[in-house]
Amino acid sequence: MSLFKIRILQSISNAGDWLVAEALFLSLKLLRLVPMDTAMRWFEGGARWLGPKLGRHQIALANLEIAFPDMSPEERERIARDSWGQIGRGIVEYGYLDRIFDLDENNLGAGRVEVQGVEHFIKLRDDGLPAIIFTGHTGNFELLPMAAAKFDLDLQSLFRAPNNKYAAQKIAAARKQVAPNLVPSGQGASFQLMSALERGVHVGVLVDQKFRRGIPVPFFGRDAPTNPLLAKLARRYGCPVHGARSIRLPDGRFRLEVTDEIELPRNEAGDIDIRGATEKITRIVEDWVREYPEQWLWIHRRWG
């Protein structure tokens with residue numbers, strides 16, 4: 001294929017991505033004219049209807065069969081549809097993040113967002129030491145860096161940008177309005193996180209995605225390629241590690257949970273064991289997913 005044809009095809013692809021991104025965010029702006037809970041019900045219902053018609057639905061069902069082989073096909077179908085509904089709500093929530101996150105640090109149970117383990121946020125903020133906080137794609141994980149910012153906890157969060165570069169730019173802008181210091185995954189990201197830890201800053205890492213160059217560790221009983229970055233950082237800097245997750249509650253509410261410091265396994269020399277630590281973190285995420293399977297993102301290939 002000639003260079004001219006390649007450029008034409010790339011231009012068409014870029015134009016399509018731009019149109020998709022503009023249409024999506026224009027829709028979110030218009031939705032702000034609608035009551036928030038109404039808009040969320042619309043998108044949740046639409047996603048539950050549309051999602052099963054997409055090819056990604058079969059990926060979700062295949063993942064669910066790996067994770068829950070003894071579950072009936074009907075139950076796996078229900079979880080997959082519920083997960084699509086969560087995705088629909090999550091899309092709308094990008095347009096309402098400033099309204100959703102009404103956390104009052106002086107009255108933690110009053111708004112839409114409640115926090116369990118707030119004492120860990122305060123300790124991490126005040127002890128002057130670096131730390132790593134990991135999470136997974138459960139509930140609305142965008143709320144976690146927002147909570148850190150609310151408690152003045154200096155946190156640099158690693159996130160994966162969408163493949164659509166125009167959507168990625170808009171999402172990054174929306175995120176920075178409510179949670180600064182976001183680090184897009186990719187080349188150079190690990191160096192930014194190391195630099196943050198060296199300065200005594202805290203870092204946040206999503207740990208439940210497939211990482212082709214990672215190490216195979218059990219996830220729901222089957223080896224899945226997993227990024228050992230968290231374990232390597234913890235080993236190098238000797239910093240504490242905490243887990244954090246977002247849980248959707250009824251009536252459009254959320255609970256954010258921060259764990260106690262997690263003791264990672266060590267080798268005979270006393271250093272953090274990379275494989276053992278990665279396995280332990282992955283088991284914690286698996287427990288989260290088992291508790292609320294409909295709130296995890298099943299549409300990405302996690303195993304093969």
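**Exercise 1.** State how much space lies in the second largest cavity, and determine which helix supplies the largest share of its lining.

*Solution.* The second largest cavity holds about 60 Å³ of space. This model is predicted, and a search of the whole structure finds four cavities of 30 Å³ or more.

Step 1. List the lining: V207, T226, N227, P228, L230, A231, A277, T278, I281 and T282.

Step 2. Assign helices. Helix 10 (229-237) and helix 11 (274-291) each supply at least two residues of this lining. The largest share, four residues, comes from helix 11.

Step 3. The lining of the second largest cavity comprises six nonpolar residues, four polar residues and no charged ones.

**Exercise 2.** Classify the ring pair of F134 and W288, and explain which parts the pair ties together.

*Solution.* The structure holds ten aromatic pairs.

Step 1. The ring centres of F134 and W288 lie 5.7 Å apart and the planes meet at 20°, so the pair is stacked.

Step 2. Because F134 belongs to strand 2 (residues 132-135) and W288 to helix 11, the pair ties together parts that are 154 residues apart in sequence.

Step 3. Consider burial, for which the cut-off is under 20% relative accessible area. F134 is buried, at 0%, and W288 counts as buried at 8%.

**Exercise 3.** Identify the residues that ring pairs link into a cluster, and the residue that lies over the face of F219.

*Solution.* Step 1. The cluster consists of F68, F219, F220, W296, W298 and W303.

Step 1. R302 lies over the face of F219, at 5.3 Å from the ring centre.

How values were computed: Residues are numbered from 1 along each chain as its sequence is written. This is a predicted model: local features need pLDDT of at least 70, side-chain atom pairs count only at pLDDT 80 or more; totals for chains, interfaces and linings use all residues. Side-chain values use heavy atoms; hydrogens and water are left out. On a 1 Å grid over the protein atoms alone, a cavity is a set of points where a 1.4 Å probe fits but cannot get out, and a pocket is an open set with protein on both sides within 12 Å along at least five of seven lines; lining residues have an atom within 4 Å of a point. Grid points are joined across faces, edges and corners, and a volume is the space filled by probe spheres set on the points. Ala, Val, Leu, Ile, Met, Phe, Trp, Tyr, Cys and Pro count as nonpolar, Asp, Glu, Lys and Arg as charged, and the others, Gly among them, as polar. Rings of Phe, Tyr and Trp (its six-membered ring) pair if their centres lie within 6.5 Å; planes under 30 degrees apart count as stacked, over 60 as edge-to-face and the rest as tilted. Buried means under 20% relative accessible area, exposed over 50%, partly exposed in between (1.4 Å probe, protein chains only). A charge sits over a ring if NZ of Lys or CZ of Arg is within 6 Å of the ring centre and within 35 degrees of the ring normal.
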